Amino acid sequence: MKKVLTMLLCLVMGLGCFAFTGCNGGGTKQQTIKLWGSAEDQQMLAQMVESFKKDNTQYADVDIQIAVMGENDAKTEILKDLTKGADVFAFSNDQIGELVDNSALYDLSNAAGTADVKSRNAESAIQAATVGGKLYAYPSSAESYYLFYNKDVYTADDVKTLEGMIAKKADGKKTLVAQFNEGYYTPMFFAAAGCTLYGTGGSDPADCTWNNENGLKAAKYMKTLKANGIEYMSESDLKNTFIAKTTSAVITGTWNYNTLKDGLGDKLGLAVLPTVTFSGDATPSQLRPFSGMKLYGVRSTTEHAEVSIALADYLTNEANQLKRFNDRGFLPVNKNLATNEAVLAKEQCKVEVDSIAISISKPAHAQGGKFWDAAAALVKDLVDNADTVSDDAKIQAQLDKFVNDITTKKA
């Protein structure tokens, strides 16, 4: 019996060797994982991966394949097939609710180093990476958008108010350009008017007040923008016209700072969004941007959880948040970097911090997925069509439909 058992054990061990190591001198099969990041991040990520392997020699032989996938598209691609896609991927925090609802993210609550991740980053960043009390991602940076202006056209006082900018409109030049046809740039006027999106804290999928009397006031103001030289463009056209000085100011984010600084040099001015005075109001209201967090998550079905978690953690540590800031201009969320002289010395840092302070958070629940296209279509229509500026009933119907489309039905 002992001989039989011994033979069976040897047979099983031999099969195991063949199945898992290929009996290649007893060596283990090389692990391969995929990492997704934006096109602009590819060089930076390659450098981070090289450092990761040097600093973590146990993973030196892991084949880490870096592929292009923008943060805004990551959720859609991951949810197409949870058995495929990247093991580690960057995504925007507004996608986390839908990813968690579809069991697409690895629960990192009990992963090695989780306590360190929570202690080293700002509380707001940890909240953005947490759903239902569980950590599902590692924060890497915060972002918002603000005003870039040409100092030859505007003074620092001019850009404090939208009316001050409009008053200096030059012939043949656009006063201001923003991507109003993209959902990320749509809440400015409605938030300034005091309207809420998914409740005051952005967590109520049944609540949006863009169709109340304040929303109507904001919508009617937006119908006057085009006549005052305030329009929308694609991001590439926005940059090109600003550098060519046919546009006097643009609204964009830090990711375009280096390009615009190279284009205008010392003539580039930065400021938070201006105020606006709505019809009938005695005092101005502050235009308010969206803000959000960039996160790194691990696909729940990865076959290489240990190295994937270690990589996601490493990509978002203090050193790499500083590298990301230096290379790409993204604002760190690491607590130590909040007082780092190298970070604070950069002019775009302060204006972005100030912009985040007046911002509203992007919706992070699954219902928020309905917002983006609907908001872009609404705002684009308001900016394009001034012919109905005095038709309150028609505008109200548009706003009512929008709110109905993006909210869940109340009981």
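Q: Is Tyr-184 buried or exposed, and what is its relative accessible area?
A: This is a predicted model. Burial is read from relative accessible area, and buried means under 20%. Tyr-184 has 13%, so Tyr-184 is buried.

Q: Which ring does Tyr-184 pair with, and how is the pair arranged?
A: Look at two things: the gap between ring centres and the angle between planes. Planes under 30 degrees apart count as stacked. Tyr-184 and Phe-290 are 6.3 Å apart, centre to centre, with 10° between the planes. That pair is stacked. Phe-290 is buried too, at 0% relative accessibility.

Q: Where in the chain do Tyr-184 and Phe-290 lie?
A: Tyr-184 is in the loop between β8 (176-178) and α8 (188-192). Phe-290 is in strand β14 (residues 290-298).

Q: Why is the pair of Tyr-221 and Phe-278 edge-to-face?
A: Read the angle again. Planes over 60 degrees apart count as edge-to-face. Here the planes stand at 85° and the centres are 5.6 Å apart, so the pair is edge-to-face. Tyr-221 sits in helix α9 (residues 213-222), and Phe-278 in the loop between β12 (275-276) and β13 (285-286). The pair therefore ties together parts 57 residues apart in sequence. Both Tyr-221 and Phe-278 are buried.

Q: How many aromatic pairs does the count give?
A: The count is 19. One aromatic cluster includes Tyr-184, Phe-290, Trp-210 and Trp-372.

Q: What sits over the ring of Phe-330?
A: A ring can have a charge over its face. The charged end of Lys-294 sits over Phe-330, 5.0 Å from the ring centre.

Q: How many disulfides are there?
A: Check the distance between cysteine sulfurs. A disulfide needs them within 2.5 Å. The count is zero. Take Cys-208: its closest cysteine sulfur, in Cys-195, is 7.5 Å away, too far for a bond. Cys-208 is buried, at 7% relative accessibility.

Q: What volume does the largest pocket have, and what lines that pocket?
A: Rolling a probe the size of a water molecule over the atoms shows where empty space is left. The largest pocket holds about 1,100 Å³. Its lining has 37 residues, and Tyr-184 is one of those nearest the centre. Helix α3 (71-80) gives the most, with five residues. By class, the lining has 10 nonpolar, 13 polar and 14 charged residues.

Q: What classes of residue line the second largest pocket?
A: Its lining has 12 nonpolar, 16 polar and four charged residues. The volume of the second largest pocket is about 730 Å³.

Notes:
Residues are numbered from 1 along each chain as its sequence is written. This is a predicted model: local features need pLDDT of at least 70, side-chain atom pairs count only at pLDDT 80 or more; totals for chains, interfaces and linings use all residues. Side-chain values use heavy atoms; hydrogens and water are left out. Rings of Phe, Tyr and Trp (its six-membered ring) pair if their centres lie within 6.5 Å; planes under 30 degrees apart count as stacked, over 60 as edge-to-face and the rest as tilted. Helices (H or I, at least four residues) and strands (E, at least two) are DSSP runs, numbered from the N terminus. Buried means under 20% relative accessible area, exposed over 50%, partly exposed in between (1.4 Å probe, protein chains only). A charge sits over a ring if NZ of Lys or CZ of Arg is within 6 Å of the ring centre and within 35 degrees of the ring normal. On a 1 Å grid over the protein atoms alone, a cavity is a set of points where a 1.4 Å probe fits but cannot get out, and a pocket is an open set with protein on both sides within 12 Å along at least five of seven lines; lining residues have an atom within 4 Å of a point. Grid points are joined across faces, edges and corners, and a volume is the space filled by probe spheres set on the points. Ala, Val, Leu, Ile, Met, Phe, Trp, Tyr, Cys and Pro count as nonpolar, Asp, Glu, Lys and Arg as charged, and the others, Gly among them, as polar.
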